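Please look over the model shown below. The report that follows takes it element by element, then as a whole.

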Amino acid sequence: MEKARYSRILLKLSGEALAGDQQFGIQPEAIGQFAKEIAEVASTGLQIALVIGGGNIFRGMAASAKGMDRAQGDYMGMLATIMNALAVQDALEKNGCDTRVMTALSMADVAEPYIRRRALRHMDKGRVVICAAGTGNPYFTTDSAAALRALELKCDAIFKATKVDGVYDKDPAKFDDAVKYETVSYMETLEKRLGVMDSTAISMARDNDLPIIVFNLHTEGNIRRAANGENIGTTVQG
Ligand code: UDP
C-alpha cells in the first residue's frame, strides 16, 4: 500500500451511515462494510479519531420542532451517538482493530470519559479513538464536535464521509447540471450554504486552516484513497 499522506485524521460519520438502507436505527451489516476499511487503513499506521453522529436515532432540533425542549432533545441526541459509537466499536473490533470509545457525557460503565491527552496516547498506541456524545453540550452538532476534536487532537484534516461524492454548486439529486467542486473555499461554502458541514464547524476549520475532505463513504476503497491524498471528492480549504 502507498504511504499515507496524512499521519492523523478525524473521520466524521453521520448517523445515517449506520442505518444502511433503513430510514432509522442501526443495521450491523452496513457498519461492517466501512469498519473493514477503517481497520485496514488504521493497520497501515494512520492514526484515526472518529466522530459519530446520531441522526439515525434522534435529533434534538427535529424533536424541538414538535414541541420538546431543545436542550432535552439534544441530550437525547448525544445519547444516541453513544449507542452508535458502541456499534461501530463492535464492528471495528470484529475486524481486528483496537479501539476506545471516549464519551463527552460520563457513562463510566460503557465508555471512557473523553480526556484529550489520553485520546492522543491511545492513538499513539495505534488504537482508533471513537469520540461519542458530540461536544457534550446542547445546541451543537456532531459536525461541530468533529471540528473541535480534530483541532484539539491535532489532526491533519477532517474526512467528512457522506452519501455523495463531493460538494456541488447545487443539489445533484435535484439538478442534472449540478457541478462538483474539486476544491472550494471556506467562505464560498459558508456564503452559498453548500451544506458540507454546519456553519460552526466550517468557521472553526476556517479560523484554524483545517482542511475538510468530502467524499462518498459508499464507494469501496474511498477511505484508503482519501488517506493517500487522492483527489476523490472535494477539499474545502483556503
Ligand atoms: N448533539 C448535541 N451536541 C453535540 C452533538 C450532538 O446536542 O455536541 C445532539 C443534537 O441533538 C443532534 C444529535 O445529537 O441533532 C445527533 O447529532 P447530529 O445531528 O450531529 O448527527 P448526524 O446528523 O451526524 O447523524
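## Strand E5

Strand E5 (residues 128-132) is mostly covered, with five of its five residues buried. A residue is buried if 20 or more other C-beta atoms lie within 10 Å of its own, exposed if 12 or fewer, and partly exposed in between; C-beta atoms are placed from the backbone. Both faces of E5 are covered. Val128, Ile130 and Ala132 are buried on one side, Val129 and Cys131 on the other. Strands (E, at least two residues) and helices (H or I, at least four) are DSSP runs, numbered from the N terminus.

This is a predicted model: local features need pLDDT of at least 70, side-chain atom pairs count only at pLDDT 80 or more, and totals for chains, interfaces and linings use all residues. Residues are numbered from 1 along each chain as its sequence is written.

## Partners of E5

E5 pairs with strand E2 (residues 47-52) in the parallel sense, over three bridges. Two strands pair if DSSP finds at least two bridges between them. Valine 51 stands opposite cysteine 131 in E5.

Strand E3 (residues 99-103) also pairs with E5 in the parallel sense, over five bridges. Here valine 101 stands opposite isoleucine 130.

## Strand E1 and the sheet

Strand E1 (residues 8-13) is largely enclosed by the rest of the structure, because five of its six residues are buried. E1 and E2 pair in the parallel sense over six bridges. Lysine 12 has valine 51 of E2 as its bridge partner. Leucine 11 stands opposite leucine 50 in E2. E1 also pairs with strand E6 (residues 157-162), in the parallel sense and over five bridges. In E6, alanine 161 is the bridge partner of leucine 13.

## Helix H2

Helix H2 (residues 28-42) has 15 residues. From first C-alpha to last, H2 reaches 20 Å, close to the 21 Å expected at 1.5 Å a residue. The expected span is 1.5 Å times one less than the number of residues in the helix. H2 bends by about 25° at phenylalanine 34. The bend at a residue is the angle between axes fitted to the seven residues ending there and the seven starting there.

Which residues of H2 are buried? They are Ala30, Ile31, Phe34, Ala35, Ile38, Ala39, Val41 and Ala42. An α-helix has 3.6 residues a turn, so residues three or four places apart point the same way. The cover over the buried residues of H2 includes helix H1 (16-19), E2, helix H4 (70-94), E5 and helix H9 (222-227). Contact means that the C-beta atoms of two residues, placed from the backbone, lie within 7 Å.

## Annotated sites

The unreviewed UniProt entry annotates a "binding site" at Gly54, Asp74, Thr135, Gly136, Asn137, Pro138, Tyr139, Phe140, Thr141 and Thr142. These residues are spread over 89 residues of sequence but cluster in space, with a largest C-alpha distance of 14.0 Å. UniProt positions follow the numbering used here, feature names are shortened, and annotations may be inferred rather than shown by experiment.

Glycine 54 lies in the loop between E2 and helix H3 (60-65). Glycine 54 counts as buried because 27 C-beta neighbours lie inside 10 Å. Leaving aside residues up to four places away in sequence, glycine 54 touches Gly15, Gly77, Met78, Ala80, Thr81, Asn84 and Thr142. Aspartate 74 sits in helix H4. Aspartate 74 is buried too, with 24 other C-beta atoms within 10 Å. With the residues up to four places away in sequence not counted, aspartate 74 touches Gly60, Pro138 and Tyr139.

## The whole chain

The chain has nine helices and nine strands. Its radius of gyration is 17 Å, close to the 18 Å that the globule rule gives for 238 residues, so the chain is as compact as a globular protein of that length. The radius is taken over C-alpha atoms, and the rule is 2.2 Å times the number of residues to the power 0.38. Of the 238 residues, 46% count as buried.

UniProt lists residues 8-216 as "domain: Aspartate/glutamate/uridylate kinase" in an unreviewed entry. That span is 41% helix and 18% strand, and its end C-alpha atoms lie 20 Å apart.
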